[in-house]
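Please read it alongside the sequence and the coordinates.

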Amino acid sequence: MSLPLFFSDLAKNGSGDDIGPIKRLLAQLRPASAKDGAQATRNVQALCHMLESNPEHAAMLRAYLRRLIGGRRMSHLLSDTGITKNTGFWSAAWHRFNYKWLPPVVRDEYWQDMFGEVFYRRDDHRWVAAVDDSVWTALVRSFGFDDDEDRTIQESFSREMLKAIQSLSYRISTIGLEPELVRNWPTIEDFESPFLRQNAELNQYEQAYAQWLVDPAAARDDSRHIEVLLTQCEEIVVKIRRASASHGISVSLTRLLLRLTESIARLRTLLALLDAAASEEAAPIAVGLFKELVRADNVKHSLTDLVSTNTELLALQVTENASRSGEHYVTRTRIEWWAMLRSAMGAGFIVGFMAMLKILAGKLALAPAGYAVLYSLNYALGFMLVHILHFTIATKQPAMTAALMAQAIDQGKQKLDQLTELVIQVVRTQFIAIVGNVALAMPVALLIALAWAPMTGRPLADADKAHHLLQDLDPVHSLALFHAAIAGVCLFLSGLISGYYDNKAAYADIAGRIAQLRWLKRFLGPARTARVATYIGDNLGALSGNLFFGIMLGCIGTLGSFFGLPLDIRHITFSSANLMFAAVGMNGKMSLEDWALPVIGVVLIGAVNLLVSFTLALTVALRSRGVNLRREWTVLGELGRRALSTPRDFCFPPPDSIDLDGPQPAAPGADAGEHNAGGD
């Protein structure tokens with residue numbers, strides 16, 4: 001149906017308030033592809049031109065829109081659509097899943113329900129957003145409501161907005177009194193709360209505005225005083241979020257703050273629209289609100305959007321802690337660089353023995369579950385020991401430094417050269433950590449293998465086992481790199497787990513709760529109990545991350561065998577130790593060609609470990625902060641220039657190290673509470 005045919009049909013069948021005509025009109029505006037913004041713009045401009053050139057059509061459409069809008073309640077659409085619901089993830093997911101096969105009842109008298117019937121395609125928001133605001137504004141003006149002497153539509157719309165701002169104001173007041181909010185910012189109770197004051201001011205504003213609608217000669221206040229109070233509410237939200245960096249934050253509090261922020265923003269929009277009334281400023285504000293509502297309605301039943309939103313909430317909560325730990329994985333001076341080398345060598349020493357224990361466990365006659373338990377204990381206890389001794393596993397660094405880099409980009413406080421220097425420092429620290437791990441893991445494994453046969457009478461790894469170990473390192477004829485990628489995913493997950501439990505320890509005050517345990521005080525005494533409580537509070541994230549990481553590494557191979565899938569893990573430090581065990585097991589019968597592929601495999605395994613874990617961690621950290629990467633290509637170009645001019649800086653710190661703004665990190669191992677959230 002073309003636009004002329006639409007108006008012919010409207011003249012015949014548009015006397016009521018049925019949504020059929022508006023759906024047919026949108027069918028004329030909607031492009032074949034939601035991504036085709038140019039075609040959508042041309043369609044809207046064509047309608048605008050037709051209305052401007054034909055006043056009869058404009059009057060006909062205006063009358064229909066008056067009946068359509070005025071005959072339904074709009075306040076719920078304005079106050080609820082696009083605002084985060086006060087429900088948990090699983091409850092919301094269950095409802096959205098059910099709506100997929102059994103949609104909710106659509107009530108004709110509510111625009112909140114009918115809006116989705118009009119914009120029924122899930123991608124309508126794409127072409128609506130693609131059309132420029134000025135084009136939509138021109139269309140709104142072409143309807144002729146501003147010139148219409150009948151003020152029915154303006155009054156009806158204004159009264160619905162007044163109901164919506166009342167609902168939003170009461171919601172803001174209610175959230176401001178939530179116990180969890182008060183608990184995190186108790187000074188709200190010491191002074192007159194802006195959350196309550198804004199509601200009192202808004203009630204006065206609403207009464208004056210309602211009187212003005214009846215009598216245009218009556219005085220009408222603006223919303224400037226309410227704006228001041230809303231700004232004070234936002235300042236409290238910012239303070240709570242800043243405090244969460246040290247005190248932690250829960251998902252429920254994060255959702256409350258998001259719901260509060262969204263409600264304040266929507267209230268501001270509606271107040272601005274009411275203040276503009278029928279002036280020239282009203283149309284652009286209405287268009288912005290219209291686009292926001294279309295998008296929100298399109299995704300209201302989307303499981304993908306729900307998962308994405310909640311993932312971002314959790315990721316921001318977790319990566320905030322990871323970014324602080326990441327400061328301790330960046331060496332800026334030569335002293336810190338050498339300290340990192342020593343810390344990494346200590347971890348390499350322990351990994352040499354862990355690799356030995358894994359080979360010994362594999363010789364036992366156990367059920368698959370038994371192997372999974374032994375391997376998990378070996379990994380988990382070993383990684384926890386690495387952390388307790390303040391050593392560093394190199395591949396753990398990317399999950400932490402990625403969050404630190406995302407925070408640096410997000411804050412925007414670094415200049416280009418400073419941001420480039422941060423990247424170089426991260427690469428340099430990662431390089432020396434890997435060197436330290438491998439430099440001691442290989443000789444320790446070699447000495448263990450050489451001493452094992454004389455002590456026990458048989459080799460630690462016989463010829464068959466040695467051949468199997470070498471085959472596992474072959475990057476061409478085995479799945480070594482795929483298994484290295486799996487290990488990288490596990491490293492990434494362990495970083496998230498560490499951040500989660502660090503946040504939980506701070507928010508739930510785990511240290512304080514342990515310190516008050518009476519039975520522990522009787523057993524250890526008050527002083528030791530206090531030290532234990534402090535240590536657990538500072539290191540719960542690191543210990544938990546190591547524990548779960550060890551369980552993941554120990555169980556993946558068994559799960560792969562159980563399900564018949566090619567699942568396993570490869571890690572650079574363990575792989576380098578296994579290479580030495582295999583070399584001794586082959587009794588020196590390895591040619592240069594036999595060495596080539598395993599050595600290349602170890603290097604590539606390390607590269608894949610780091611690349612996968614860093615990429616995943618950086619992606620989550622950037623997404624959680626909504627970071628704009630407009631400078632990424634500039635930074636890459638600067639890195640390329642530095643690599644050509646001073647490649648040495650990517651491996652060794654210069655004599656005069658550049659210090660970024662902000663606190664200097666402690667040397668590796670100096671603080672058990674912050675270093676080496678640990679893992680393989």
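## Aromatic pairs

In this predicted model, the count of aromatic pairs comes to 16, where rings of Phe, Tyr and Trp (its six-membered ring) pair if their centres lie within 6.5 Å, with planes under 30 degrees apart counted as stacked, over 60 as edge-to-face and the rest as tilted. Because Phe383 lies in helix H18 and Phe574 in helix H26 (residues 572-585), the pair ties together parts that are 191 residues apart in sequence. Both Phe383 and Phe574 are buried, a class that means under 20% relative accessible area, whereas exposed means over 50% and partly exposed lies in between (1.4 Å probe, protein chains only).

Elsewhere, Phe115, Phe119, Trp127, Trp136 and Phe290 form one aromatic cluster.

## Basis of the description

Residues are numbered from 1 along each chain as its sequence is written, and side-chain values use heavy atoms, with hydrogens and water left out. As the model is predicted, local features need pLDDT of at least 70 and side-chain atom pairs count only at pLDDT 80 or more, while totals for chains, interfaces and linings use all residues.

## Overall fold

The chain has 28 helices and zero strands, these being DSSP runs numbered from the N terminus (H or I of at least four residues for helices, E of at least two for strands). Of the 680 residues in the chain, 50% are buried. Among contacts (heavy atoms within 4.5 Å) between residues at least 6 apart in sequence, 83% join residues at least 24 apart.

Helix H7 (residues 111-118) is largely enclosed by the rest of the structure, because seven of its eight residues are buried. These are Trp111, Gln112, Asp113, Met114, Phe115, Gly116 and Val118, and they pack against helix H2 (20-29), helix H4 (55-70), H5 and helix H15 (282-298).

Thr81 is found in the loop between helix H5 (75-80) and helix H6 (89-101), and with 8% relative accessibility Thr81 counts as buried. A polar atom of the Thr81 side chain lies 3.4 Å from the backbone oxygen of Leu77. When residues up to four places away in sequence are not counted, Thr81 touches His76, Gln112, Arg266, Leu293, Ala296 and Asp297.

His390 lies in the loop between helix H18 (368-388) and helix H19 (397-411), and is partly exposed at 26% relative accessibility. Asp509 lies in the loop between helix H22 (480-507) and helix H23 (510-515), and is partly exposed, with a relative accessible area of 44%.

## Surface

The accessible surface of the chain comes to about 32,100 Å², of which 62% belongs to carbon and sulfur atoms; such areas come from the Shrake-Rupley method with a 1.4 Å probe, and for residues only the protein chains shown count as cover.

A nonpolar surface patch of about 710 Å² is made by Leu479, Phe482, Leu559, Phe562, Phe563, Leu565 and Leu567. Patches are made of residues with over 30% relative accessible area and no salt bridge, with nonpolar side chains (Val, Leu, Ile, Met, Phe, Trp, Tyr) joined within 5 Å and like charges within 9 Å; a salt bridge is a side-chain nitrogen of Lys or Arg within 4 Å of a carboxyl oxygen of Asp or Glu. Helix H25 (residues 526-563) gives the most to the nonpolar patch, with three residues. Phe563 lies in helix H25 and is exposed, with a relative accessible area of 56%.

Technical notes. Polar contact = N/O pair within 3.5 Å; in protein donor to acceptor, adjacent residues only side chain to side chain.
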